[in-house]
Amino acid sequence: MRIIGLCFISMLIGTSVISGQTTEKKQYTATRIATSPSIDGILDDEAWKEGVWVDDFTQFEPYNGAKASQRTEFKILFDDNNIYVAFKAFDSSPDSIVNRLTRRDEADGDLVAIIFDSFHDLRTGFLFGITSSGVKYDVMFSDDGNMEDSSWDPNWWGKTSINSEGWTAEMKIPFSQVRFDKNSGDIWGLELARFLYRKNEMSFWQHIPKDAPGLVHMFGELAGLEQIKPRKIFDITPYGVTRLERFKAEPGNPYRDKGRRYGLNGGIDAKIGVTNNMTMDLTINPDFGQVEADPSEVNLSAYETFFSERRPFFIEGNNITNFSIGIGNGDVGNDNLLYTRRIGRRPQGNPKLSDGMYADVPNFTTIIGAAKLTGKTKDGLSLGFIEAVTAEEKAEIDNNGEKSYETVEPLTNYMVGRVQKDFNEGKTIVGAIFTGTSRDLDENLDDFMHKSAYSGGIDFTQYFKDKKWMFNVNTALSKVSGTTDALERTQKSSARYFQRPDKDYAVYDPSRTSLSGAGGRIQLGKLNGHFNTMAVVLWKTPGFEINDLGYLQQADRIMPLLWVGYSQWEPKGIYRRYNINTDVWTFYNFGGVRVQSGLEANASMTFKNYWNAWIYGNMQTDARDASLLRGGPTMITPGRMSVNTGFSTDSRKKLELQISGSYNKGFENNLVNMSFRTGISWKPTNYISISLNPGYSSSFTELQYVSEKKMGDEPRYVFASIDRKTINTSLRINLNLSPDLTIQYWGQPFIASGRYYDYKYITDPMAGKFTDRFHTYTSDEISKLDRSVKIDENLDGIVDYSFNISDFNVQEFLSNLVVRWEYSPGSSLYLVWSQTRSGFNSSGQMDYLDNMGKLFDRNLFRDNDDYRLGNIFLVKLSYRFGLN
């Protein structure tokens, strides 16, 4: 959701950082009816003559506390099975109502919403919203509104209509979609909201001051539901998928010689109410073929790239199972005991092939089945459990007609258990988590995969002085077990590099069959007023390892951080709001060495015309980098500075523009990076939106790792200078024929090049002067033949060692077209086309137009093995059987 979502997020930020005020709570009494209304958005049924219409909405944005500029009325009715909500959104200029069609949860226009705190725990809210065009928007709030889950998609009905007085909305919400205890019907928390798009005005029935320390506990109250009984949800949704894959035929390869492959698959998804407030989600043989592909990249680092989860089963409810031990965004912020992309990942093994042999290797690991139990009791006990089993995957190998099989991924069980209990109206929260990964390994895989991996943690949060201050501790332990070969790989991984010759506090042990460690985070922060501050300490011991089911880039870290921020949210002069933040941090390792320190600052402003501008700056000291030599000794790397700035125009307009740029420079001229990105969004009609986001980056790095070689008994850490260029674009076209029928296209052309030169090796990694830390090979020492670099270091005429030239030019064009029709709530039809065009050459140079042209050259795809074209056509049909 673009504007409305941002406004809710802004509200959550605003209400969580400022001091509390008390506001008298309103109460509305719902009316029981005997005959249910027809949901058509007209409000002319006899049922709507019952009950009481109520208005009196108050602005939250832009002028907090002022009367809403347009009148809004609502009414709430119910019967044994459903709750019915009607809105009259009066508008003095009905021709100015913004009535755009979008996908569900991406609402962009005028909107009304109702939020229930059906547990009445003052922490959890269920939002049901609808735009004037009939697009649904639903969100589950937790932690008093500080966390939101827009992937939650309950099954409910809603219609709207526009008339001469404004517009109306009509909703039918089954009680089975709203969790509550049997005896919690006396009073529910209640909030009603309206978003007036053209004025960027958010108003609420129950006024919420901007200095309120939270959201849900400020809601008004809903009475009259004393006699209702909870309805347990029981939805069964079978699905079927037919698939056609076309690719370049490879004569002689029995698995690809026909250039096409067919598939037929099916499975079952289910959502079952185990108790009144606990829901179990089940999936058997799930298929996620409609999910958009990950963006292209060229990763030259030693670390795994973090990709966001996109699969609906694993997204919904992840706020409950989340256990972060990081802070902020980026690499450190991604550290988490649960990274569900591990489940169903690409097989990690590779078959061993000789000349004349071919293999058919699965692209992804099959998820046999998965179950997820989530919910919260009225007493404040939150539970989240995930259990998933993935299949053993084998590569089929053909050796001149003789078939054999090799395991590339073992049968694996993943388990997550998360529990939290809040006390004293959510001011004290205690929780715990446990994760486990168990594999049935054979001799093909036990030399590099863990037999088992476990992690567990506890968390404690305490709010003080009406939630003006917060103290939080998240701490975790980990243990992995396996063969000595597997644990050797773990010890030598980029997360820890135990084999470093100067690492005497965490010694490499080739006889290890297990490894244990600990990690965590402590936070103390002031969360009220214009000035806010947060003190944080993060730590991960050298043996901490969670990458079997979690995500961690680097262990062996202690990081204290101090953040200070100032926010101004009341419109004045040229601005509507602005924020200024700064923080200072330091990294230490567990050997007591200060690795690096840094200072960051950023500022952003929203102007009166709803344009935005921002600037970010960062400065880092010299670093004692223990990972640059990838297992070699620590090396001093020069400090650096960076700046990023940009602006964006009013996103409510039909044409929106965003431009940003960054500059990053090393203090010893050892690196320079410049990037530029622009975004253009155009909404020519209410049912079409087009966005184009091109970007360009150019970088120079003096020290890019190439290889480790031997000169006699001495190691040689070989590096090179590298010039890199990347041009990538994201094109997205949305055609929305109705709130339930959408067509979406996404395309990403991507060209990246890298040229290595000035090869060198490290001589004294701790030398005081940067240029004394390495030696650049002279023309007498180095020679190139074909794609190889040969080194005669002692000039005796004999090659001492060699390595490959790694210059690259990577070309890709990814396309994804999805037609989605939700023909009934919870039942959908998907038509999907995915295409991948890819090419590679070793020139190291970029010629963008020529490179892009080659991706559409039929002759290249036919004659050149470095160019590949693949198409996937998929039809997926699901139907929900609601048995509750």
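**Exercise 1. Which residues do ring pairs link into a cluster?**

Solution. The coordinates are a predicted model, in which local features need pLDDT of at least 70, side-chain atom pairs count only at pLDDT 80 or more, and totals for chains, interfaces and linings use all residues. Residues are numbered from 1 along each chain as its sequence is written, and side-chain values use heavy atoms, with hydrogens and water left out.

Step 1. Read off the cluster: F116, F119, F126, F128, W152, W156, F175 and W188 are linked by ring pairs.

**Exercise 2. Classify the ring pairs F861–Y867 and Y879–F881, and state the burial of their members.**

Solution. Step 1. For F861 and Y867 the centres are 6.2 Å apart and the planes make 85°, an edge-to-face pair.

Step 1. Both of these residues, F861 and Y867, are buried; buried means under 20% relative accessible area, exposed over 50%, and partly exposed in between (1.4 Å probe, protein chains only).

Step 2. The centres of the Y879 and F881 rings lie 4.8 Å apart with the planes at 75°, so this pair too is edge-to-face.

Step 3. Y879 has a relative accessible area of 40% and is therefore partly exposed. F881, at 41%, is also partly exposed.

**Exercise 3. Find two lysines whose charged end sits over a ring.**

Solution. Step 1. The test is that NZ of Lys or CZ of Arg is within 6 Å of the ring centre and within 35 degrees of the ring normal.

Step 1. K421 has its charged end over the ring of F423, 4.3 Å from the centre.

Step 2. K876 has its charged end over the ring of Y239, 5.0 Å from the centre.

**Exercise 4. Describe the largest nonpolar core and the surroundings of I114.**

Solution. Step 1. A nonpolar core is a set of buried Ala, Val, Leu, Ile, Met, Phe, Trp, Tyr and Cys residues joined through side-chain atoms within 4.5 Å.

Step 1. The largest one has 36 residues, and I114, F128, I173 and L222 touch the most other members.

Step 2. Two or more residues come from each of β4 (72-78), β5 (82-90), β6 (111-117), β7 (125-131), β11 (166-174) and β12 (188-196). Helices (H or I, at least four residues) and strands (E, at least two) are DSSP runs, numbered from the N terminus.

Step 3. With neighbours within four places in sequence left aside, the contacts of I114 (heavy atoms within 4.5 Å) are I76, V85, F87, F126, L127, F128, M171, I173, L190, E191 and L192.

Step 4. A separate second core has 21 residues, among them A193, F204, L215 and F219.

**Exercise 5. Work out the strand order in the open sheet that contains β21.**

Solution. Step 1. Two strands pair if DSSP finds at least two bridges between them. This sheet has 3 strands in the order β18-β21-β22, paired antiparallel.

Step 1. β18 (357-360) and β22 (402-409) each have a single partner strand, so they stand at the edges and one side of each lacks a neighbour in the sheet.

Step 2. From one strand to the next the twist averages 30°.

Step 3. Between β18 and β21 (residues 393-399) there are 4 bridges, and M357 stands opposite N399.

**Exercise 6. Trace the pairing of β25 with β24 and β26.**

Solution. Step 1. β24 (residues 428-440) and β25 (residues 452-464) run antiparallel and are joined by 11 bridges. I433 has G457 of β25 as its bridge partner.

Step 1. β25 also pairs antiparallel with β26 (residues 469-481), over 13 bridges. Here Y454 is partnered by K479 in β26.

Step 2. β25 and β26 form a hairpin with 4 residues between them, and K465 in the turn has a positive phi of about 50°.

**Exercise 7. Locate the backbone features at P62, L43 and Y497.**

Solution. Step 1. E61 and P62 are joined by a cis peptide bond, with omega about 0°. P62 lies in the loop between β3 (58-61) and β4.

Step 1. L43 is a non-glycine residue with a positive phi, near 65°. L43 is in the loop between β2 (31-32) and β3, and its relative accessibility of 15% makes it buried.

Step 2. Y497, also not a glycine, has a positive phi near 50°. Y497 is in the loop between α4 (484-491) and β27 (514-526), and is buried at 6% relative accessible area.

Technical notes:
Rings of Phe, Tyr and Trp (its six-membered ring) pair if their centres lie within 6.5 Å; planes under 30 degrees apart count as stacked, over 60 as edge-to-face and the rest as tilted. Axes are lines fitted to C-alpha atoms, for helices over the stretch in contact, and angles run from 0 to 180 degrees between N-to-C directions.
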